[in-house]
Amino acid sequence: MLDIKNSLDLENVGEIYRNLDTGSLIKYAVEHEKAKVSSTGALMIDTGIFTGRSPKDKFFVNQDPSNKFIAWGDINKKVSKQVYEDLFKTTQKQLSNKNLFITDVYCGASLDSRRSVRFITEVAWQAHFVKNMFIVPKTQKELDEFVPDFTIYNACKTVDMAYASHKLHSEVYVVFNVEENTAIIGGTWYAGEMKKGVFSMMNYWLPLEGKLAMHCSANIGEKGDTALFFGLSGTGKTTLSTDPKRKLIGDDEHGWDEEGIFNFEGGCYAKVINLDKDSEPEIFDAIKEGAILENVVANENGVVDYTDGSKTENTRVSYPLDHIPNHTPDMKGGHPNNIIFLCADAFGILPPVAKLTKQQAMYYFLSGYTAKVAGTERGITEPVATFSSCFGEAFLPLNPTVYAKLLGEKIDLHNVNVYLVNTGWTGGPYGVGTRMSIKNTRACINSILDGSINTSDFDNLAIFNLKIPKTLNNVETKVLNPRNTWEDKEAYDEMSKKLASMYIKNFFKYITLESEYDFTPAGPNL
């Protein structure tokens with residue numbers, strides 16, 4: 001234990017609670033951190049004023065050689081080595097003279113590609129979150145011999161009082177030092193910063209080894225066929241990959257190396273706003289002892305009201321993968337047979353399913369489209385298009401084209417089918433039309449996974465040039481062509497042109513004279 005204390009780069013460390021079992025962490029959180037237990041046995045905690053990530057407070061240290069690889073800009077912002085050292089001292093001061101929780105885990109189920117990560121925090125439920133979300137070493141020998149490749153110091157109880165002179169965005173800081181293999185967090189209690197922080201680093205490390213890191217869910221069928229589901233928050237990535245007929249590999253973050261697909265994580269992190277037992281039974285039933293509910297509202301008996309978003313619309317649950325009965329124990333799958341790009345098109349223009357060519361796959365991957373709807377954020381009164389490169393731009397330290405190139409190479413090498421699935425609106429835009437039913441979306445997904453979609457005859461969707469099936473098992477024929485669902489066809493045509501122009505404007509950043517990523521002919525055409 002003395003060796004561990006000396007390795008932390010902290011002063012006068014008190015008790016070290018290293019790799020405590022989940023039961024002990026729950027007990028500590030309830031007794032010392034005002035956590036409560038729900039009627040189903042899940043731990044309930046609040047994350048304070050931050051109920052989501054704080055992307056404007058995320059920085060990388062500007063130093064050689066990583067600064068030659070990082071795509072600097074609004075997503076990946078620079079901070080000097082001196083500022084990092086100042087913030088590290090702030091972090092050290094907060095974590096010194098404290099009892100600490102140390103949690104040692106792996107990121108990546110592939111032995112050839114995983115990283116060992118150590119988390120240091122003074123909050124028990126954050127250590128519990130880490131155990132839920134990452135891969136816990138299975139043997140005492142692994143724990144005894146554990147040497148971290150990367151260490152995250154979470155000093156959530158402190159802030160950067162000198163943020164103005166440091167030229168940072170606020171008192172909150174999330175800073176990555178690639179060369180020293182460390183990250184420091186201050187000012188925010190939101191545990192998702194730790195999860196996505198490691199994901200950002202995997203997105204740095206793996207592509208430099210010729211491996212693809214992906215913001216997607218994955219599952220595997222009875223015949224061993226693997227499917228990937230890409231999509232931004234709210235598009236159904238977790239819901240649609242959690243399928244009683246298929247084994248879940250993971251719901252959010254994966255790698256693709258020479259052996260196939262592997263989960264980065266050991267758990268799931270699902271939204272629970274408006275969670276319904278009938279629509280999402282697997283997720284509902286996973287909320288039991290060992291799970292952590294964030295920012296939910298419950299009555300005095302611990303019964304959660306999942307419709308209550310008064311604290312945040314981003315209410316969430318984290319739980320270990322074994323809470324899902326139908327999961328893959330090794331969290332791995334072969335090379336994928338099918339890739340599905342999910343979007344929630346609030347304009348009601350895109351079809352429920354379309355089959356993509358290789359060039360279209362590259363275009364829609366780099367576009368990473370979905371739409372926010374009115375009411376989800378302050379000031380949004382009508383649908384707003386959101387484009388996030390590779391369906392995860394916020395977590396990409398490298399240029400998005402690096403990931404696109406790897407994806408294209410793997411699609412070719414493994415002859416993968418790619419589809420676009422709209423889980424958003426039909427019959428009109430948000431406020432006029434209706435949300436695509438889960439029943440219809442499930443039927444579209446099933447037709448992809450069982451291959452029956454390939455027996456369909458296809459139409460061409462004007463402007464977007466997408467191949468859409470004329471008929472599909474268990475899907476109303478009228479729904480398959482979105483124009484047919486609109487009463488006002490002229491209004492559909494005008495809205496279609498509007499959305500197409502948004503795609504075209506967004507994709508312009510990838511077009512240069514020497515660019516190999518001019519896939520504009522595969523996108524909408526006005």
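1. In this predicted model, the side chain of histidine 327 reaches the backbone oxygen of isoleucine 324 at 2.7 Å. Histidine 327 has its place in the loop between strand 18 and strand 19, and with a relative accessible area of 18% it is buried, a value to be read against the cut-off of under 20% that defines the buried class. Leaving out residues up to four places away in sequence, histidine 327 touches Lys247, Leu248, Leu321 and Asp322.

2. Histidine 323 lies in the loop between strand 18 (316-320) and strand 19 (332-333), and at 9% relative accessibility this residue counts as buried. The side chain of histidine 323 reaches the backbone oxygen of glutamate 289 at 3.4 Å, which can be set beside the limit of 3.5 Å for a polar contact. Between the C-alpha atoms of histidine 323 and cysteine 156, which are 167 residues apart along the chain, the separation is 28 Å.

3. On the cysteines, the structure holds 0 disulfides. For cysteine 343, the closest cysteine sulfur belongs to cysteine 444 and is 12 Å away, which is too far for a bond; the criterion for a disulfide is a pair of sulfur atoms within 2.5 Å. Cysteine 343 counts as buried at 1% relative accessibility, and cysteine 156 is likewise buried, with a relative accessible area of 3%.

4. Turning to the sheet, 8 strands form an open sheet with mixed pairing, in the order 1-6-7-8-10-9-4-5. The edges are taken by strand 1 (16-18) and strand 5 (77-79), each of which has a single partner strand, so that one side of each is left without a neighbour in the sheet. On average, and with direction ignored, neighbouring strands of this sheet are turned by 25° against each other.

5. Which strands does helix 4 touch where it packs on the sheet? Helix 4 (residues 124-133) touches strand 6 (100-107), strand 7 (115-121) and strand 8, and its direction makes about 15° with that of strand 6.

6. As particular pairs, tyrosine 106 stands opposite serine 116 in strand 7, and phenylalanine 119 has isoleucine 152 in strand 8 as its bridge partner. Strand 8 (residues 150-155) in turn pairs with strand 10 (residues 182-186) in the parallel sense over 5 bridges, and there threonine 151 has threonine 182 as its bridge partner in strand 10.

7. Are the residues of strand 7 buried or exposed? Strand 7 is mostly covered, with 7 of its 7 residues buried. Arg115, Val117, Phe119 and Thr121 point one way from the strand, whereas Ser116, Arg118 and Ile120 point the other way, and all of them are buried. A reader inspecting the model may note that Arg115 and Arg118 are both in this buried set, on opposite sides of the strand.

8. Serine 110 lies in the loop between strand 6 and strand 7 and is buried, with a relative accessible area of 7%. The side chain of serine 110 makes a polar contact with the side chain of aspartate 257 at 2.9 Å. Leaving aside its neighbours within four places in sequence, serine 110 is in contact with Asp257, Phe262 and Lys332.

9. The largest nonpolar core has 122 residues, of which Leu293, Ile339, Phe341 and Phe464 touch the most other members. Helix 6 (residues 192-205) gives the most to this core, with 7 residues. A second, separate core of 22 residues includes Val79, Leu95, Ala155 and Leu168.

10. For leucine 293, the residues touched, not counting those up to four places away in sequence, are Ser38, Ala42, Leu43, Met44, Ile45, Val272, Ile287, Val304, Tyr306, Arg316 and Val317. This list includes Ser38 and Arg316, whereas a nonpolar core is made up of buried Ala, Val, Leu, Ile, Met, Phe, Trp, Tyr and Cys residues.

Definitions and conventions. Residues are numbered from 1 along each chain as its sequence is written. This is a predicted model: local features need pLDDT of at least 70, side-chain atom pairs count only at pLDDT 80 or more; totals for chains, interfaces and linings use all residues. Side-chain values use heavy atoms; hydrogens and water are left out. Two strands pair if DSSP finds at least two bridges between them. Helices (H or I, at least four residues) and strands (E, at least two) are DSSP runs, numbered from the N terminus. Axes are lines fitted to C-alpha atoms, for helices over the stretch in contact, and angles run from 0 to 180 degrees between N-to-C directions. Contact means heavy atoms within 4.5 Å. A nonpolar core is a set of buried Ala, Val, Leu, Ile, Met, Phe, Trp, Tyr and Cys residues joined through side-chain atoms within 4.5 Å. Buried means under 20% relative accessible area, exposed over 50%, partly exposed in between (1.4 Å probe, protein chains only). A polar contact is a pair of N or O atoms within 3.5 Å; within protein, one must be able to donate a hydrogen and the other to accept it, and residues adjacent in sequence count only if both atoms are side-chain atoms.
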